[in-house]
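The following paragraphs lead through the structure shown below. Please keep the sequence and the coordinates at hand while reading.

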Amino acid sequence: MASPDSLTLTRPDDWHLHLRDGAALAAVLPHTAAQFARAIVMPNLKPPVTTAAQALTYRERILAARPKEGPGSGFAPLMTLYLTDNTPPDEIRRAKDAGVVALKLYPAGATTNSDAGVTDLRKCYRTLEAMQREGLLFLVHGEVTDPDIDLFDREAVFVERQMIPLRRDFPELKVVFEHITTREGAQYVAEAGRFTAATVTPQHLLYNRNAIFTGGLRPHYYCLPVLKSEEHRLALVAAVASGSDRFFLGTDSAPHAAQFKEHAAGHAGCYTALSALELYAEAFEAAGALDKLEAFASFHGPDFYGLPRNTGTVTLRRENWTLPETVPFGDATLKPLRGGETLRWRLVN
Ligand code: DOR
Ligand code: ZN
C-alpha cells in the first residue's frame, strides 16, 4: 500500500512532558503548545512540586507562558504532584480539588531532580490508597536504583520487584508505566489488565543504544531510562504498532542547556518537543503502522485518563525540512534531538 503524503489527526496530547520553570519554561512551552492540546506536566522542579498549592501556582506560570494568539493559545497543562515518602494522604483530596490528575513516582536517585523521591514504596501505602479511592493516577518512573543492578536491567528488575507487588496491593489504581524501554516492560503492560498503561517516547521507538556511541559520544541521545538494544526497540515498536490501547504518546521531552548535555557529567534528557509528532510519524511509518498513529497520539491517552478526546485536527505533510540545530533557552541554548538533520514529515498548522 502506498504511503499517504499527508496525515490529518485529531489534535493530540503529550502524556509526559518536562516544562521546567522561569526563562526555560518560556522558551519551550510554545513548541509543545504548537503540537499538542494538553500535556501531563512533570513535577520534578527544584524544589519539586509536592503540594496542591504548589501545583496551582505552577499551573498559573505555565498559563502565563502560553502564546497570546494562534493554535497554542488554548494549550491546557494537566498537573501532577511529586510523591515523597512523606506525602500525607490528606494531600490527595486537596490535589483532586485543585484539578491535579496524577502523582509521579521517582525512585530516589533514579534521574534528574529525584533526590526527594521515594525510598520505599511501602512508606506511601496510605497515600496510594487515597489515590485509588479518589481516582488520581500513579505515574511511575520504572527503574530500580540498586547500584548492584546493571543500568540496562533496571526496568526489567523494577517489573519484578515493584510493579507486580504494586498491582497486587492496589488492583484498581490506574498506573502509567512511564517511558517504557524494554521488551519486559511492554510485555508486562500488554498483559496487566485495564488499569495499567504505558507511555512511549519517540527516541525509544527510533533508536537503540548504538545511537549514543556512533562516531563519538553523542550526549543528546542520552536520557533515562537509557536507550536499550535493538531487541527492545523492536518490542516497543511492535507494542505501539499492535494498536493496543494500553500504549500512548508521552514524549518525555526534557530540556537541558547544551552546555550541561555536553559536559563531563552530562544531564539526562532528549529535547523532542519541537518536532515530536514528526518523529513519531517517522517511527510509525517505518513500522508500516501510520494508520495506528492517531489512536496512539490522540485517543488512548484521554481514554485511559478518563478525559474527553480533543476536537479539532492537526496535519502532517510529507516534506523534507531541516530541524534547527539550536534554539534559544533563556541565557543558554538548547539542542533538539536530530537538530541540523532532515526530517521527513512536517506539521502544518
Ligand atoms: O532523561 C530524563 N530526563 N529522564 C527523566 O526521568 C527526567 C528527565 C529530566 O527531567 O531531565
Ligand atoms: Zn520524564
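Strand β5 (residues 102–105) and strand β6 pair in the parallel sense over four bridges. Helices (H or I, at least four residues) and strands (E, at least two) are DSSP runs, numbered from the N terminus, and two strands pair if DSSP finds at least two bridges between them. This is a predicted model, in which local features need pLDDT of at least 70 and side-chain atom pairs count only at pLDDT 80 or more, whereas totals for chains, interfaces and linings use all residues. Residues are numbered from 1 along each chain as its sequence is written, chains are lettered from A and ligands numbered from 1 in the order in which they are written, and side-chain values use heavy atoms, with hydrogens and water left out.

Within this pairing, L105 has V140 of β6 as its bridge partner. Between β5 and β6 the chain passes through helix α4 (residues 125–134), and this β-α-β crossover is right-handed; that is, with the strands pointing away from the viewer, the path from the first strand over the helix to the second runs clockwise. Strand β6 (residues 137–140) sends L137 and L139 one way and F138 and V140 the other way, and all are buried (under 20% relative accessible area; exposed means over 50%, and partly exposed lies in between, with a 1.4 Å probe and protein chains only).

β6 also pairs with strand β7 (residues 175–177), in the parallel sense over three bridges. Here L139 stands opposite V176 in β7.

How are the residues of α4 arranged? In α4, the residues T127, L128, A130, M131 and E134 are buried. They lie on the same side of α4 because they cover an arc of only 155 degrees around the axis, the arc being that of the directions from the helix axis to the C-beta atoms. An α-helix has 3.6 residues a turn, so residues three or four places apart point the same way. The exposed residues R126 and R133 are carried on the face of α4 turned away from its buried side. Among the elements that cover the buried residues of α4 are α3 (90–97), β5, β6 and α5, where contact means heavy atoms within 4.5 Å. After α4 comes G135, with a positive phi near 80 degrees.

Helix α5 contains V157, which is buried with a relative accessible area of 18%. Not counting residues up to four places away in sequence, V157 touches V144 and I149.

A separate open sheet of three strands has the order β1-β10-β13, with antiparallel pairing. Its edge strands are β1 (6–10) and β13 (342–348), each of which pairs on one side only. β1 and strand β10 (residues 313–322) pair over five bridges, with T8 opposite T315 in β10.

H16 lies in strand β2 (residues 14–17) and D252 in the loop between β9 (247–249) and α9 (258–261), 236 residues apart. H16 is buried, with a relative accessible area of 1%, and D252 is buried at 6%.
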